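Here is a quick tour for anyone opening this structure for the first time.

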Amino acid sequence: DQVQQFLDFINSIDNSIQFDVEFENSDCLSFLDTVISRRTNNLYPDVSTKTKSTDKGLLYNFISFIPDAYKRNLVSCLIYRVYNIASSYKLFHADLQTLRHKFLSNGFPAWLFDSIVSNFLNKIYEPAPANYTVPKRKVIVAIPYLGFISIYVK
């Protein structure tokens, strides 16, 4: 009752901005493209990506006429998203399998998806080696203008 009163109040402030409320359903609360699930035996909720009922699993088809870099970056971007949303490795694995199925359904080779996942996880869990170098010094060389040939020598 108080929730409805508050919703009516904030919606009455400005007619061009209207809010909505969503209640928990079966211990789950959907928010944007995530699902927050409450568990009775744990202090923290489960958070994972949500597949909408309108999601047809359509992505770039692998044989589409776009650069390969776009295809690889799409896979990397969605893996990064799933990794950052999932609250546990079990949920990350489940979301990753769903994502893998979507890409395979769109003609992506399994080896490509698996190699991008492998590279992503290696970047996260294997620290980059320290790169110790001597600081660079600026060197200025004055070259006299020799006419037409000076344009080609830079």
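## How two helices cross

In this predicted model, helix α3 passes helix α4 in a right-handed crossing. To find the pair, look for residues 89-105 (α3) and residues 110-125 (α4). Their axes sit 10 Å apart, and the helices pack at an angle of about 150 degrees. Anything over 145 degrees counts as roughly antiparallel, so that's the label for α3 and α4.

What do the two helices touch each other with? On the α3 side you'll find Tyr89, Phe92, Leu96, Leu99, Arg100, Phe103 and Leu104. Across from them, α4 brings Ala110, Phe113, Asp114, Val117, Leu121 and Tyr125.

Now hop over to strands β1 (residues 28-31) and β2 (residues 34-37), which pair in the antiparallel sense over four bridges. If you want one spot to check, Ser30 stands opposite Val35 in β2.

The two strands make a hairpin, with two residues between them. Keep an eye on Leu32 in that turn: its phi is positive, at about 55 degrees.

## Asn11, buried or exposed?

Helix α1 covers residues 2-13, and Asn11 is found there. Is Asn11 buried or exposed? Its relative accessible area is 14%, and the cut-off for buried is under 20%, so Asn11 counts as buried.

Notes:
Residues are numbered from 1 along each chain as its sequence is written. This is a predicted model: local features need pLDDT of at least 70, side-chain atom pairs count only at pLDDT 80 or more; totals for chains, interfaces and linings use all residues. Side-chain values use heavy atoms; hydrogens and water are left out. Axes are lines fitted to C-alpha atoms, for helices over the stretch in contact, and angles run from 0 to 180 degrees between N-to-C directions. Angles under 35 degrees count as roughly parallel, over 145 as roughly antiparallel, 65 to 115 as roughly perpendicular and the rest as oblique. A crossing is left-handed if the near helix is turned anticlockwise from the far one by less than a right angle, and right-handed if clockwise. Contact means heavy atoms within 4.5 Å. Buried means under 20% relative accessible area, exposed over 50%, partly exposed in between (1.4 Å probe, protein chains only). Two strands pair if DSSP finds at least two bridges between them.
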